[in-house]
Number of protein chains: 2
Amino acid sequence: MAKASWQGTNLPRVGGFNRAVVLDTIRRRGEISRVELAQRTGLTAQTMSNIVRALMADGLVTENGHAPSTGGKRRVLLKVVADAYSSVGLHLDPERITGVLLDLAGGVRLRSTRRLPDDAAPETVAAALARTLQQLVRRSGIDESRVLGVGLAVPGPLDSAHRQVLSPPNLARWGAVPLADIVAERAGLPVVMDNDATAAAIGERWAGGEHRSGSFVYVYWGSGVGVGVVLDDQVHRGVSNNAGEIGHLNSGGGRGCHCGRRGCLETHCSMRAIVADWRAAGGEPTGTAIAQSYEELCRRAADGDAVAVKVLRAAATRLGQALAAVVSVLDVDRVVLGGPALRHVSDLVRTQVSKVLSKQVWAPEVRPVQVSPALIGEDAGAVGAASLVLDHAYSPRLATLLGSGSDPS
Amino acid sequence: MAKASWQGTNLPRVGGFNRAVVLDTIRRRGEISRVELAQRTGLTAQTMSNIVRALMADGLVTENGHAPSTGGKRRVLLKVVADAYSSVGLHLDPERITGVLLDLAGGVRLRSTRRLPDDAAPETVAAALARTLQQLVRRSGIDESRVLGVGLAVPGPLDSAHRQVLSPPNLARWGAVPLADIVAERAGLPVVMDNDATAAAIGERWAGGEHRSGSFVYVYWGSGVGVGVVLDDQVHRGVSNNAGEIGHLNSGGGRGCHCGRRGCLETHCSMRAIVADWRAAGGEPTGTAIAQSYEELCRRAADGDAVAVKVLRAAATRLGQALAAVVSVLDVDRVVLGGPALRHVSDLVRTQVSKVLSKQVWAPEVRPVQVSPALIGEDAGAVGAASLVLDHAYSPRLATLLGSGSDPS
């Protein structure tokens with residue numbers, strides 16, 4: 001029989017949800033007393049105390065000294081046991097692979113990166129991903145049973161019903177590749193996959209604590225560009241897990257895109273397109289690889305080279321125009337800019353995007369839009385991928401509470 | 001002390017939420033047995049049975065005969081008591097006011113409409129709204145204590161923190177007007193206000209039962225155009241209650257908009273703009289009022305007039321382009337088209353919007369987008385406004401469950 005669109009909830013589900021809320025609150029605060037924890041979560045002291053006892057028995061939470069005295073009895077502080085569990089994050093950018101090992105508190109314990117050849121075949125990429133993963137686990141000395149899982153961040157769009165990557169930018173000849181399953185088989189560990197922008201947005205939420213609560217859009221600018229959408233503390237993935245896929249929004253201009261359409265945002269904002277624009281404007285990159293040439297452009301822009309600045313500003317303007325639509329449709333007031341394309345030029349891009357948004361978003365006096373740099377630097381994709389696993393295992397999920405909803409593939 | 005971004009939940013909140021889930025499920029099914037109700041809501045028979053008893057004691061639910069026998073004991077059917085409560089919906093379009101009186105089952109009991117003079121002043125409009133409301137209640141013969149409240153649907157954008165309407169299209173000289181409070185004061189009833197697209201989307205949800213569950217965007221096309229956003233069965237309002245405000249998305253072309261920017265979608269898709277385009281293409285409307293001229297255009301298009309068809313298709317193309325961005329950012333697969341601008345030309349517009357979406361939205365093979373006509377006709381704004389009140393009082397709300405979140409102004 002079909003379910004109602006709303007399901008009621010019940011005690012076991014409420015218990016699981018409240019447990020996740022308590023763990024999340026401890027993690028976000030770093031250290032917290034039981035009294036403050038009860039106040040912040042809105043739970044009764046008794047409920048909260050039972051949950052904390054269970055979390056301590058499971059080795060996820062520990063007592064960590066006392067808060068400074070405020071006159072009465074000094075309060076015991078709770079904190080998350082950072083090395084209770086780890087997760088591995090792998091990011092395919094797609095010119096390089098970055099891997100990180102994250103502890104339960106969100107700290108990066110190990111990092112590794114390797115370049116990929118241009119136009120690498122899926123099997124080559126999968127083998128490199130699996131090797132990065134295995135080396136990280138080996139170097140860490142952590143027992144594999146303490147690794148919760150592997151997160152894989154890939155350029156969107158995805159066909160996530162089939163766990164497939166679809167023709168990522170710069171790997172256009174791939175077609176549909178079941179990358180998560182290939183890596184899982186090679187590595188012998190469960191793999192969750194999401195697009196890089198969504199993963200990075202989750203990483204920001206995980207790392208950012210109270211600075212990344214509520215609603216915001218996270219712009220991941222790497223080889224291509226995408227947006228991760230967080231609404232009311234929930235990552236919004238959409239019906240096909242492609243929410244925030246802005247790379248193929250029509251941005252005008254009529255340039256042919258690898259997807260077969262014309263005028264897609266990526267024909268102006270991918271690293272490849274920007275480097276081509278730089279060449280067209282007289283720029284002469286010394287290397288041939290796109291990522292190297294792009295970095296050279298950015299260094300020049302940071303040094304004040306007028307042509308380089310103009311080329312980057314033009315790309316940032318197109319991005320700002322697309323973000324004006326995103327901000328208007330979602331009605332969010334915070335935009336976070338992250339990803340490796342911003343290295344050296346974060347301020348330049350942020351200034352330009354802010355300028356475009358203040359002009360193109362309706363009624364800035366009613367809803368001023370704040371544009372901030374990401375908290376996590378260029379490893380946002382990999383840290384986000386590892387956070388996917390932690391988020392999956394430990395974040396409060398409405399789907400849990402309501403006994404419905406879907407999870408990332 | 002600041003709350004955590006997530007609050008835990010507790011028994012009284014769970015009780016209120018489950019009660020709303022049960023009532024919502026009965027209403028959506030029309031008639032339902034207790035057994036099916038327990039299956040659909042996922043609640044235990046005991047919990048469900050207690051809730052039904054309380055709903056019957058409050059006069060909201062009643063028993064209504066028996067289901068056909070399936071061999072065993074015939075099951076008693078439950079249904080909502082439609083005339084237990086009513087609500088009034090008022091819609092400012094802004095060339096006319098439409099009012100409806102809705103019963104608890106979502107049935108329209110009474111309807112009333114009055115034209116407004118061009119460029120009406122806020123006080124004139126408020127007086128006409130209050131008069132429409134009072135006449136509806138008087139004609140219905142319903143005791144005022146049985147009227148749950150008044151919903152007001154207005155063209156966006158809103159400054160809902162201050163319960164103000166901001167320069168609606170065709171009433172551009174208004175500036176910021178606290179319309180809800182003015183009407184509440186005149187009418188002596190509480191008034192909730194939302195933009196017309198959000199109200200109409202809620203009306204579709206209320207009326208559409210299982211056909212309007214999950215996620216969809218509702219396009220309200222009247223004097224102007226806006227979108228109501230429903231994600232996972234929750235109306236998404238955004239931080240300033242202006243989510244889905246697409247009227248000022250940049251649509252290209254550089255026409256000056258009443259908001260001060262150029263190229264806004266409304267410079268192509270408002271009734272006023274379309275009528276101007278018709279004149280520019282040689283059309284000669286017989287009347288002078290915009291709404292009349294627009295209707296004349298639509299009648300001609302429906303009769304196959306080539307110029308009229310071309311003008312409307314051009315507007316539908318611009319709308320489709322804006323919707324491509326909405327669909328891509330939100331990752332929804334259903335678009336519902338409604339509102340009075342579609343009278344006579346629903347099929348023409350739907351065909352054109354579908355065509356544009358299938359070309360401009362990335363990867364239709366992964367996420368085909370279905371475009372459907374609205375279930376509620378041209379009274380969508382008023383029915384939606386009345387549904388706001390019912391939704392506010394009776395729909396399952398995550399905010400209730402979590403003890404947080406915000407409501408419409």
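## Exercises on a predicted two-chain model

Arg19(A) lies in helix α1 of chain A, residues 11–29, where helices (H or I, at least four residues) and strands (E, at least two) are DSSP runs numbered from the N terminus. The model is predicted, so local features need pLDDT of at least 70 and side-chain atom pairs count only at pLDDT 80 or more, while totals for chains, interfaces and linings use all residues. Residues are numbered from 1 along each chain as its sequence is written, chains are lettered from A in the order in which they are written, and side-chain values use heavy atoms, with hydrogens and water left out.

**Exercise 1.** Classify Arg19(A) by accessibility and find what Arg19(A) touches.

Solution. Step one: buried means under 20% relative accessible area, exposed over 50%, and partly exposed in between (1.4 Å probe, protein chains only). Arg19(A) has 29% relative accessibility and therefore counts as partly exposed. Step two: contact means heavy atoms within 4.5 Å. Leaving aside residues up to four places away in sequence, Arg19(A) touches Ile51(A), Ala54(A), Leu55(A), Asp58(A) and Leu60(A). Step three: Ala291(A) is 272 residues from Arg19(A) along the chain, and their C-alpha atoms are separated by 44 Å.

**Exercise 2.** Describe the buried residues of helix α8 in chain B and what covers them.

Solution. Step one: α8 of chain B covers residues 271–280, and Met271(B), Ala273(B), Ile274(B), Val275(B) and Trp278(B) are buried there. Step two: an α-helix has 3.6 residues a turn, so residues three or four places apart point the same way. Step three: the cover over the buried residues of α8(B) includes β12 (216–221), α7 (266–269), α9 (290–302) and α10 of chain B. Step four: just after α8(B), Gly282(B) has a positive phi of about 100°.

**Exercise 3.** Examine the positive phi of Asn241(B) and of Asp331(B).

Solution. Step one: most residues other than glycine have a negative phi. Step two: Asn241(B), not a glycine, has a positive phi of about 60°. Asn241(B) sits in the loop between β14 (234–236) and α7 of chain B and is buried, with a relative accessible area of 8%. Step three: Asp331(B), also not a glycine, has a positive phi of about 55°. Asp331(B) is in the loop between α10 and β15 (334–338) of chain B, and at 0% relative accessibility counts as buried.

**Exercise 4.** Find the charge over the ring of Tyr85 in each chain.

Solution. Step one: a charge sits over a ring if NZ of Lys or CZ of Arg is within 6 Å of the ring centre and within 35 degrees of the ring normal. Step two: in chain A, the charged end of Arg146(A) sits over the ring of Tyr85(A), 4.9 Å from its centre. Step three: in chain B, the charged end of Arg146(B) sits over the ring of Tyr85(B), 5.0 Å from its centre.
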